[in-house]
Amino acid sequence: MSAVDIQYPETEDEVARLVTEAKASNSSIEVRGGGTRLGLGRPSQSASALSVARLSGITNYDPSELVMAALAGTPLAEIEAALAVNNQMLTFEPMDHRPLLGASGEPTIGGVFAANASGPRRISAGAARDNLLGVRFVNGSGEIVKSGGRVMKNVTGLDLVKLMAGSWGTLGIMSEVTFKVLPRPETAVTIVVSGLNDAEAAEAMAAALAMSVEVSGAAHLPESVIHKFAGGSLKGGPATVLRLEGLKPSVEVRSERLLAEMSRRGTVSVLDGQTSQDLWREIRDVIPFADGTMKPVWKVSVAPSAGHQLVAALRLKTGVDAFYDWQGGLVWLRMEADPEADLVRQYIKAVGGGHATLIRADAATRASVPVFEPQPKPLEALSRRIKDQFDPAGLLNPGRMTAGM
Amino acid sequence: MSELIAFQEPDRAVIQRRPAIISDLANLLPEGCLITEERELVPFDTDAFVSYRRMPLAVVLPETTAQVAAVLKYCNDNAIPVIPRGAGTSLSGGAIPQEDAVVIGVSKMNRILEVDFPNRAAIVQAGVTNISISQAVDADGFFYAPDPSSQLACTIGGNIGMNSGGAHCLKYGVTTNNLMGVKMVMFDGSIVEIGGKALDAAGYDLLGLICGSEGQLGIVTEATVRLIAKPEGARPVLFGFESSVSAGACVTDIIGSGIIPVAIEFMDKPAIEICEAFAQAGYPMDVEALLIVEVEGSDAEMDAMLERIIEIARKHGVKTIKESQSATEAALIWKGRKSAFGATGRIADYICMDGTVPLGQLSHVLEKTSEIIDHYGLRVANVFHAGDGNMHPLILFDANDPEESLKAEMAGNDILKLCVDAGGCLTGEHGVGIEKRDLMRHQYTDADLAQQMRVRAAFDPKWILNPSKVFPLEGRNGSQPGIQSELDAGKTAA
């Protein structure tokens, strides 16, 4: 984060020109949007930065088509406000990393997709990448490239759209994104099952997802973190929370069925309205660990039934606090001291595989510990070849994801 | 008959080595996995894009991933083109072979390896048919969502190749949204695993790139797919309209109102007649256009949703509304729709277009489509997934009439260009194959295509995998010197 010189191009052509110039002088570029996620990933190794913040504005939005296009630097807040007017939303609930990272600034829509930032509804509505329909970007050779489009179904050529999502600005500088939007659910309620331990909670969540009630969020908040949610109002020990959304009559019917099933497992209660909404935002933004410290925080993705096994194993070895989203498959870990990267990754393998991303740590740690899960050799080689095909000179966010790449 | 679509000139040197190649392949495979007799090769000379046929050099049907790897490595080492094949149901010619190519079919790899309900995932071999996954988990209350019309026959490997959709993907998404992981053989015979039961694998989204890559990046031998809890009930309702335009406008309004049914299918009059004659589904015959709208959930949910949909349909002057009264009726309604292609094939030859357009353009594109068809003096039946703008005009013609055949292909090209110009794309779920290959430049600039081809070359430096598909033959990047030597260097380092 020591970049001194930040350039703010105002057009896509200007982005292309700046990249071409950088290529000519062989100087690398730190790519950023609003800068709210600069503390995530390996520290920048570039002397100058390029921000897309001034490539801003919604370029196409017809609510009845359920699609929006916006320049990459458009603030997320502006997009969400425009959608709210039409009672629509980004269905993948992008996480706001600011509270956890202690960052300031305005998240941009380009940054959301570059980070593939998805929230609790990931398990039912897909990730950010599933909702991205089209991109325009400038590659490392300064060429303007588009992929995808503004229709829901598209198998015309290779899906570079997916590749751009979650590539952290290392393959190209996104200038415009086109994405799916959906109607906001008319009603949302949260069924709270209290008193389950981690293993029981995993079973309860699996049972809920196996029912035809369309659970759109399934998280487990153990005793150690429960007071951090909903203003401390969740009583009765650990809470397993299940969200139902949709038309009012439909949610009523589904709630009844889910409550009947869950009341056999623990004490049940229901949250609705703002309380329910706030709870899922707090889960999305990992509020219990937004503690103003730099204690290492991992985002671990494993099979849902393996999450609690991982945490149980880690607890025997090290100081760790944890809670679960995505039916138990997304484990947020806050380490007491050391990130214990080898231990975490070794145990992930032992419980059946998955991956860990070091979402928060000080810069020195992020420079020495692989932030993103190291890939097996053949896949890493393949990723390097792909990177070379977008950015042969290695100018764009070098080393942000993987050392030397 | 002259063919509109060109094939690459076969490599004579490869063809001359055929006897040696066959004997080498025989050494790599167990008994019964190699097909070389001409009459046995015939079923593999095309797919469901039957206007084009080429005899392959040989067909191999491996039983294991290791055998696929051995054959692929051999073909790469010897620069022999390879055509991956599932069930051969591609409508775009994605599995059509060429004279100098070895077809690698995955049909013998047809086992469901694991069903894991707590993690809502199934691990299946690539040759498993689409429907058999849903059948295997049905009793436990789950299903696999993408449901292409060919689901009785088509394989999951083929579905991944084409990122297949189906009628119900309006709610559940297409293959890429339901695929969690793959085991894949790379060009050089190395075997990689990407993704799995943990969501959103680390690093670049290789899984997203592989899905829909039409067999150009590797051969998928196993897949981990998402299982979803079956809805309590589902109810398709028929809405008949006086005009295609009102039906199209109704679709836009339903979606715009905030209701997402599980499916909205559109049929125009010719399609209604063809399907009704075949399936006796009880479709209304006195309307110009028909929507099949399916809602799902409990009775109370479906009632609530239908009430709103009916209100919208009335605003658009709906003429007939018919709710299915039983599971049998519901099944018949879908049988009619899903047999549309087959039923059409009984009365004429046809080619099926697959362009997708923004919802607001549906009516416009339907009108222009009929103008194009009139211009060529042909007939068209429109049957498609209206909810997501994925159009399927079936252009009817007589394949024995060379002039008419050519006209049909030209009309098809005009329609696809129309879709692109309306802000859509050439193909929503059938793939580019050979059929739409030469139209790619209408949708993409040279820089767009060059970027895609460079990515392709990162997976397959010699372009041996399904080489005549997707990218126009003219102006290809070709194999990229440098990549192979880097690979070799990487191997040494590893």
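The model is predicted: local features need pLDDT of at least 70, side-chain atom pairs count only at pLDDT 80 or more, and totals for chains, interfaces and linings use all residues. Residues are numbered from 1 along each chain as its sequence is written, while chains are lettered from A and ligands numbered from 1 in the order in which they are written.

Two residues are in contact if their C-beta atoms, placed from the backbone, lie within 7 Å. Helices (H or I, at least four residues) and strands (E, at least two) are DSSP runs, numbered from the N terminus.

Within chain A, α8(A) packs against helix α12 (residues 307-315) at an angle of about 170°, with axes 9 Å apart. The two helices are therefore roughly antiparallel (angles over 145 degrees). Axes are lines fitted to C-alpha atoms, for helices over the stretch in contact, and angles run from 0 to 180 degrees between N-to-C directions. Asp198(A), Ala199(A) and Ala202(A) of α8(A) meet Gly307(A), His308(A) and Val311(A) of α12(A).

Chain B is assigned domain 1 (12-105), domain 2 (112-229), domain 3 (234-340), domain 4 (348-439) and domain 5 (457-493). These bounds come from an automatic or database domain assignment. The centres of domains 3 and 4 of chain B, taken over C-alpha atoms, are 22 Å apart. In chain B, 19 residues of domain 3 are in contact with 14 residues of domain 4. On the domain 3 side, α10(B) gives the largest share, 7 residues. The residues of that side comprise 14 nonpolar, 3 polar and 2 charged.

In helix α11 (residues 269-279) of chain B, Ala271(B), Ile272(B), Ile274(B), Cys275(B) and Ala279(B) are buried (20 or more other C-beta atoms within 10 Å of the residue's own, with C-beta atoms placed from the backbone). The buried residues of α11(B) pack against elements of chain B including β13 (263-268), β14 (289-296) and α13 (327-338). Just after α11(B), Gln280(B) takes a positive phi of about 45°.

Definitions and conventions: Buried ≥ 20, exposed ≤ 12 C-beta atoms within 10 Å, placed from the backbone. Nonpolar A, V, L, I, M, F, W, Y, C, P; charged D, E, K, R; others polar. Parallel < 35°, antiparallel > 145°, perpendicular 65-115°, else oblique.
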